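Dear colleague,

I am handing over the structure that we spoke about, and my notes on what was found in it come after it. Please read them with the model open beside you.

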Amino acid sequence: MVIRLRNITKVYRVGAERIAALNGVNLDVDRNEYVAVMGASGSGKSTLMNILGCLDRPTGGTYELDGRLTTSMGASALAHVRNERIGFVFQSFELLPRLTALKNVELPLIYARAGWFSRRARAKKAIETVGLSDRMRHRPNQLSGGQRQRVAIARALVARPAILLADEPTGNLDSRTSEEILALFNQLHRSGQTIIMVTHEPDVARHAKRIIRMKDGRVHSDLPVEEDPVSELPAPTPLAGIPLEVSA
Amino acid sequence: MNPLQLLVAPVVLIYQSVFLALGQVWANKVRSILTTIGIIIGVASVTAVIAALTGMKQSVLTQFESFGTNKVFILPYPPDTGKRVVWRWADLRFHQHDFDEMLEHCPSVATFSRNCDYTQSISYGTHTESNVDIVGIDPQWHQVENRSVILGRPFSLIDNEHARAVCLINKIAQDRLGLDTDPTGEAIMVGDRRFIVVGVVESRAESSMFGNGRSDAEVFIPFNTAYTPDNGFVVVAASKSPDVSDEAQAEITFYMRHKRHLRVDQPDNFRIEVVQKFVDQFKSVASAITMVAGGIVGISLLVGGVGIMNIMLVSVSERTREIGLRKAVGARPSAILLQFLIEAMVLCLLGGMAGLLGGEGITAILKSIPQAKLDQASIPGWAIALSFGFAAAVGLLFGMFPAIKAARLDPIEALRHE
Ligand SMILES: Nc1ncnc2c1ncn2[C@@H]1O[C@H](COP(=O)(O)OP(=O)(O)OP(=O)(O)O)[C@@H](O)[C@H]1O
Ligand SMILES: [Mg+2]
């Protein structure tokens, strides 16, 4: 099991008010699973993802990642875990504007203390994986939204993480560009990557193999994609001319 | 990670942080300059003040040097017993032969000359010069003062023995009296006595410090010619080197007490002044002044540090999102701390460098002012090292708080920051 969550709770305090964003979440995710997390706005999806990504700590419960109990780790150990085992893709990309695409992708390797040559080589390879070899020297503001998200994915993948987490990775993209990103995810999944992504859109969720629906900070349903209502929707008309053969 | 990597990794991280910091400074050029202005002015003034003081010290020491730092003066002097005892000159004064065995008993003393000086007018033909130093000297005077005869001959033992009316004059006296290029054999008047010039002595090195309104012209006559018991004399000795001045002083004291039959309970009735002592005293006073001035100006560096802290705090809050992202991809708190600390230090060190250039500029200006007599002013190496050390320390000190603030940021909070 890559991920094992037990009775995870998260309570925010705003003034005197206590907001329970997560209300006892239990979740197991195995290697090479492709999970989509769905649910109404405010149901706690982002909160859950942040905890999975070790960006945030739960108020209660335990979280084991790759057999290690992260909930008892200090800030430095958590940074190490994020660096080595987690690739996080944000809805708003979060690229550093002054760095080139390649440098952005190299960032995790800098903190992994990789040497210059291996860093360059691995970053280039990751950029190739997302099909942006010809945009390595561009800065984020010289790239389209889809290209930016692909750079962000390359950055998430560059350190070969155990899990790839994506919080609404297509939320800021049009449907055509979204399909490109999803094609990339499919391909990563086929090559063995464990993926968990949050989405609102059934058309996006349909690409996953397992659908988790959240409600009021709890797991409401957890079904293989074939049994989830998303598969009952009419299949979207395939968009013409989307190149799915991004080089591996 | 293999051992080599473990060793290299922190170095790489520091080096990367330096690059990152330089990039940050470059990206905010104007802001960086304004921020470091405190440091720049601080370092510039510290180094310029130290350079000026160093120059002053150097020029005074050069004067001491030309005066002779191995010299030891021995003078009759009533002891300060506190009691109102009146000393008779007859008991205090030195006797002509008091020093005859001094060299045998004082191994640290190289040589000495008995000098008795008074002032007189001198004249030659229509030329007259008043207030001239007339000094009765022993032949060894040339070694003691390190001033040789450039024309003619020095005094012989016979000149002294017979108290002959011969004299040596210095170049200035020669010019003032309008004497020929070779004045030897000419007769000049010293007071109302005729003296035959036998030679010309080098003029003493220019010493504004010890001049006191007397003429720069000098006339030297044999000791015995000048000596009268009423005027007395002093002795100027040269120790074998400035380093053995203390030994020379002790030896002479012992010799003199013996010579003057002083009992153990009687105080010295003479005084010994060692030039090296003055030099040492001056040096310590000069360093104290340098330190105080450096310290006062150093405070301005601290003020500059507050500016650095301010801008680093701004930088941290501006870059909160960046910090969040860096943390999200695995930067440890220590790496963030290092990044901001190094940035503060790079700012301070760049300011230090600019300040040093400013200091060099001010020093060059000071040197070019002739009245200031600071032509030997220069920023000593230790001052450069100190300013950089101080600038780095200021960066470290005032960068610490913002850096800790950045390192402590919660990754998700930082990423949510607008
Ligand atoms: N920093 C915060 N402080 C206080 N409350 C918060 C904070 N972050 C989230 N919440 C609350 O926690 C609950 C869950 O929020 P979360 O962001 O996880 O929802 P979500 O499912 O991702 O919603 P959306 O689909 O709109 O992104 C919400 O009620 C939200 O108001
Ligand atoms: Mg959300």
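At 34% relative accessibility, A:Gly171 counts as partly exposed, a class that lies between buried (under 20% relative accessible area) and exposed (over 50%), worked out with a 1.4 Å probe on protein chains only. A:Gly171 sits in the loop that joins β7 (163–167) to α6 (175–190) of chain A, where helices (H or I, at least four residues) and strands (E, at least two) are DSSP runs numbered from the N terminus. From A:Gly171 to A:Val204 the separation is 33 residues in sequence and 10 Å in space, taken C-alpha to C-alpha.

Please keep in mind that this is a predicted model, in which local features need pLDDT of at least 70 and side-chain atom pairs count only at pLDDT 80 or more, while totals for chains, interfaces and linings use all residues. Residues are numbered from 1 along each chain as its sequence is written, chains are lettered from A and ligands numbered from 1 in the order in which they are written, and side-chain values use heavy atoms, with hydrogens and water left out.

Turning to the interface, 23 residues from chain A and 26 residues from chain B take part in the contact, which means heavy atoms within 4.5 Å. Across the interface of chain A and chain B the rule finds one salt bridge, defined as a side-chain nitrogen of Lys or Arg within 4 Å of a carboxyl oxygen of Asp or Glu. A:Glu94 forms a salt bridge with B:Arg321, and their closest N and O atoms are 2.5 Å apart.

Best wishes
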